[in-house]
Amino acid sequence: MYAGSGNDIIIYDPSDIFRVDGGTGTDTLKLAASGETLNLTTFNNTAYYGLYTGIEIIDLTGNGTNSLILNVNDVLNLSDTSDRLTVDGNTGDSVSKGSGWTQGAADGSYDTYTSTDITNDAELYIDSDITVT
């Protein structure tokens, strides 16, 4: 699926096996159900390389608790225009961010993390209501 230009909201479907590209703009991948886990380390790095691209925001809010598993490479590869990912959610949602991150100062209602590799700085902004491991 190619969303094209503009700020798009794409609903996550755990059965997706075809590429999902948010295109240009600030695009959101939204988990709309409850009890879902989006494991980008599997989807984007192994089984379905590059399944999700053109995504700048992941929204875990849904109808209950949801979780996200990712690493530095996922953040660097998700967006075509930045190396920053914002994760929205609420109490009960969780993010497992993997290693290689340094926590920074809070920015409004977000906890911030950065990671530096040889060529790029990745930035991760996670809603402060979300449990982070």
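Is tyrosine 12 buried or exposed, and what is its relative accessibility? Tyrosine 12 counts as buried, because its relative accessibility is 6%, where buried means under 20% relative accessible area, exposed means over 50%, and partly exposed lies in between (1.4 Å probe, protein chains only).

1. Basis of the note. This is a predicted model, in which local features need pLDDT of at least 70 and side-chain atom pairs count only at pLDDT 80 or more, while totals for chains, interfaces and linings use all residues. Residues are numbered from 1 along each chain as its sequence is written, and side-chain values use heavy atoms, with hydrogens and water left out.

2. The aromatic pair. A search of the whole structure finds one aromatic pair, where rings of Phe, Tyr and Trp (its six-membered ring) pair if their centres lie within 6.5 Å, and where planes under 30 degrees apart count as stacked, over 60 as edge-to-face and the rest as tilted. The ring centres of tyrosine 12 and tyrosine 52 are 6.4 Å apart and their planes stand at 45 degrees, so this pair is tilted. The pair links distant parts of the chain, 40 residues apart, since tyrosine 12 lies in the loop between β1 (9-11) and β2 (20-21) and tyrosine 52 lies in strand β5 (residues 52-53). Tyrosine 52 is also buried, with a relative accessible area of 0%. Strands (E, at least two residues) and helices (H or I, at least four) are DSSP runs, numbered from the N terminus.

3. The seven-stranded sheet. An open sheet of seven strands has the order β1-β3-β6-β8-β12-β11-β10, with mixed pairing; two strands pair if DSSP finds at least two bridges between them. The edges are held by β1 and β10 (102-103), each with a single partner strand, so one side of each is left without a neighbour in the sheet. Strands of a sheet pair through backbone hydrogen bonds, either parallel or antiparallel. Here β3 and β6 run parallel and are joined by three bridges, with leucine 29 opposite isoleucine 58 in β6.

4. Strand β12 and its partners. Five of the seven residues of strand β12 (residues 121-127) are buried, so this strand is largely enclosed by the rest of the structure. Strand β8 (residues 84-88) runs parallel to β12 and is joined to it by four bridges, and valine 87 has isoleucine 126 as its bridge partner in β12. Strand β11 (residues 110-116), in contrast, runs antiparallel to β12 over seven bridges, with tyrosine 110 opposite aspartate 127. The charged end of arginine 84 sits over the ring of tyrosine 125, 3.5 Å from its centre; the criterion is that NZ of Lys or CZ of Arg is within 6 Å of the ring centre and within 35 degrees of the ring normal.

5. The hairpin. Strands β10 and β11 pair in the antiparallel sense over two bridges, and glutamine 103 stands opposite tyrosine 113 in β11. The hairpin of β10 and β11 has six residues between the strands, and glycine 108 takes a positive phi near 65 degrees there.

6. The four-stranded sheet. Four strands form an open sheet in the order β4-β7-β9-β13, with parallel pairing. Its edge strands are β4 (37-39) and β13 (131-132), each of which pairs on one side only. Three bridges join β4 to the parallel strand β7 (residues 67-69), and threonine 37 stands opposite serine 67 in β7.

7. The salt bridge. A search of the whole structure finds one salt bridge, defined as a side-chain nitrogen of Lys or Arg within 4 Å of a carboxyl oxygen of Asp or Glu. The side chains of lysine 30 and aspartate 59 meet in it at 3.3 Å, N to O, and the pair links distant parts of the chain, with lysine 30 in strand β3 (residues 28-30) and aspartate 59 in strand β6 (residues 57-59), 29 residues apart. Lysine 30 is partly exposed, with a relative accessible area of 23%, whereas aspartate 59 counts as buried at 14% relative accessibility.

8. Buried aspartates without a salt bridge. Aspartate 127 is buried yet has no salt bridge, and the nearest side chain of opposite charge, lysine 30, is 11 Å away; the side chain of aspartate 127 does reach the backbone nitrogen of aspartate 129 at 2.8 Å. Aspartate 74, placed in helix α2 (residues 72-78), is likewise buried without a salt bridge, with lysine 97 as the nearest side chain of opposite charge, 13 Å away. A polar atom of the aspartate 74 side chain lies 2.9 Å from the backbone nitrogen of asparagine 71.

Definitions and conventions: Lys, Arg positive; Asp, Glu negative; His and termini not counted. Polar contact = N/O pair within 3.5 Å; in protein donor to acceptor, adjacent residues only side chain to side chain.
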